[in-house]
Amino acid sequence: RKLIIHVGDSSGKLFQQIKGLIGAIEDDYTKADRGDLILRMVVECAMHLPHKSSIYAAFVVGFARKYAAFGRKVVEKTIFELDTALKGHRPTQALLLLRFLAELANVSVILPDHLFDLLQHLLTLPAQLHVPANEGGDLCVFLALATLPWINSPIFTSHRGRIDTLLEQAVAHMQSREAPWKRALEPVRSAEGGSGSGSFLSAVPTPDRLETLYEALQSMAREDWKCKAILRLSESPNFAKEIGVEGGEETAEGGNAAMSGLSLSVSGADLQRRPWVPSVCCPIPSTIASVDTPMPDYDRWLVDELCWCTVSTFSGDLNECARQLLRLPLSHPQFEYILVETLLTQMLTLPYPPSLPIFYFRLFQHLALLQKSIKTPLE
């Protein structure tokens, strides 16, 4: 259990850690109850560790080298948990499971077309079930679009048409939706730039997270789907050799069959159980912003998204939340400043942040204890 949870946490080479994990547990797979435990732990870890989707997908394809049916079982379990998360209104877990499926497509455990069929189905659910935007409609579109950055560049190139179709349908949804609540979420600014009185205050049109996500995807597409904020092991030049497999065809058959034979059973009542609207994140004042090293807007969005999912997942454990945030796979000379500014922005999110403001203050304390260089941007 601990080996699966902590793979990739040490400073050693990542592929060696994955191969070491496979070698350590592959003989236990056929023992009583061990196979189910390994299967369950892999899917649960993918569902709760936002930055490790690529690591667990690489493990699955490597493990399926010896146990070919393992890929099919992982896909079946993932689809089941995805359906359960959507019905239980657990959007963060549903999103992480979708990204895990995207990574499984990257390593040929499932066919990319089957993944796009699932995203297409999810994106068109609101219209099919007549679900209003604030009662699950925007959520379905957001989940489908927020999965796309985890697709690697080769799949983007070979399936550009399908991605463009999803983006066009998302635009149609955003243009047709009624979103009167956005007016209440817009920040208010004085016309004179000072504190002002009520008569001089005016709302500042601010895009919500669904709209900023669409813009980030458009920007990524213009850069041929390149990004530095996501770990993409499948894009490594010698991925098959590094992970110990010669190709994905043998391991893909079981997963592809599972993917094509299963579908979501979410109903309109499931989606409408709890309201969900895309939040509005207001950038922090330029007077305290300190990141001056260029960074693409889409990478900033992805960092924000990874932080959002991490805080949502680990809001009950401050110390572990801080540890997970410091493990984000972002290589940037001002990582600490980006992390602090991202968390400050999230704390001011409307209608509500992933956790209470007091949580963020305590989180900053834990971050500073774990990594002293965090103190400088905090100050």
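This is a predicted model: local features need pLDDT of at least 70, side-chain atom pairs count only at pLDDT 80 or more; totals for chains, interfaces and linings use all residues.
Aromatic contacts come first. The structure contains twelve aromatic pairs. One of them joins Phe15 and Phe239. Their ring centres lie 5.9 Å apart, and the planes meet at 65°. Planes over 60 degrees apart count as edge-to-face, so the pair of Phe15 and Phe239 is edge-to-face. Phe15 belongs to helix α2 (residues 14–25), whereas Phe239 belongs to helix α13 (residues 239–243). The pair therefore ties together parts that are 224 residues apart in sequence. Both Phe15 and Phe239 are buried.

A further aromatic pair is formed by Phe63 and Tyr67. Here the centres are 5.5 Å apart, with 35° between the planes. This pair is tilted. Phe63 has a relative accessible area of 1%. Tyr67 has a relative accessibility of 16%. Buried means under 20%, so Phe63 is buried, and Tyr67 counts as buried too. Phe63 and Tyr67 also belong to one aromatic cluster, together with Tyr29, Phe59 and Phe70.

Two arginines lie over tryptophan rings. The charged end of Arg99 sits over the ring of Trp150, at 3.8 Å from the ring centre. Arg209 lies over the face of Trp308. In that case the distance to the ring centre is 4.4 Å.

Trp308 also takes part in a helix packing. Two packed helices are described by the angle between their axes and the distance between the axes. Helix α16 (residues 297–313) packs against helix α18 (residues 335–347) at an angle of about 65°. The axes of α16 and α18 are 10 Å apart. The angle makes α16 roughly perpendicular to α18. Their crossing is right-handed. On the α16 side, the contact involves Arg300, Val303, Asp304, Cys307, Trp308 and Val311.

The relative accessible area of Val42 is 0%, so Val42 is buried. What does Val42 touch, not counting residues up to four places away in sequence? The contacts are Ile4, Tyr56, Phe59, Val60, Phe70 and Phe100. Among them, Phe59 and Phe70 are members of the aromatic cluster that holds Phe63 and Tyr67. Val42 and Arg1 are 41 residues apart along the chain. Their C-alpha atoms are separated by 9.2 Å.

Definitions and conventions:
Residues are numbered from 1 along each chain as its sequence is written. Side-chain values use heavy atoms; hydrogens and water are left out. Rings of Phe, Tyr and Trp (its six-membered ring) pair if their centres lie within 6.5 Å; planes under 30 degrees apart count as stacked, over 60 as edge-to-face and the rest as tilted. Helices (H or I, at least four residues) and strands (E, at least two) are DSSP runs, numbered from the N terminus. Buried means under 20% relative accessible area, exposed over 50%, partly exposed in between (1.4 Å probe, protein chains only). A charge sits over a ring if NZ of Lys or CZ of Arg is within 6 Å of the ring centre and within 35 degrees of the ring normal. Axes are lines fitted to C-alpha atoms, for helices over the stretch in contact, and angles run from 0 to 180 degrees between N-to-C directions. Angles under 35 degrees count as roughly parallel, over 145 as roughly antiparallel, 65 to 115 as roughly perpendicular and the rest as oblique. A crossing is left-handed if the near helix is turned anticlockwise from the far one by less than a right angle, and right-handed if clockwise. Contact means heavy atoms within 4.5 Å.
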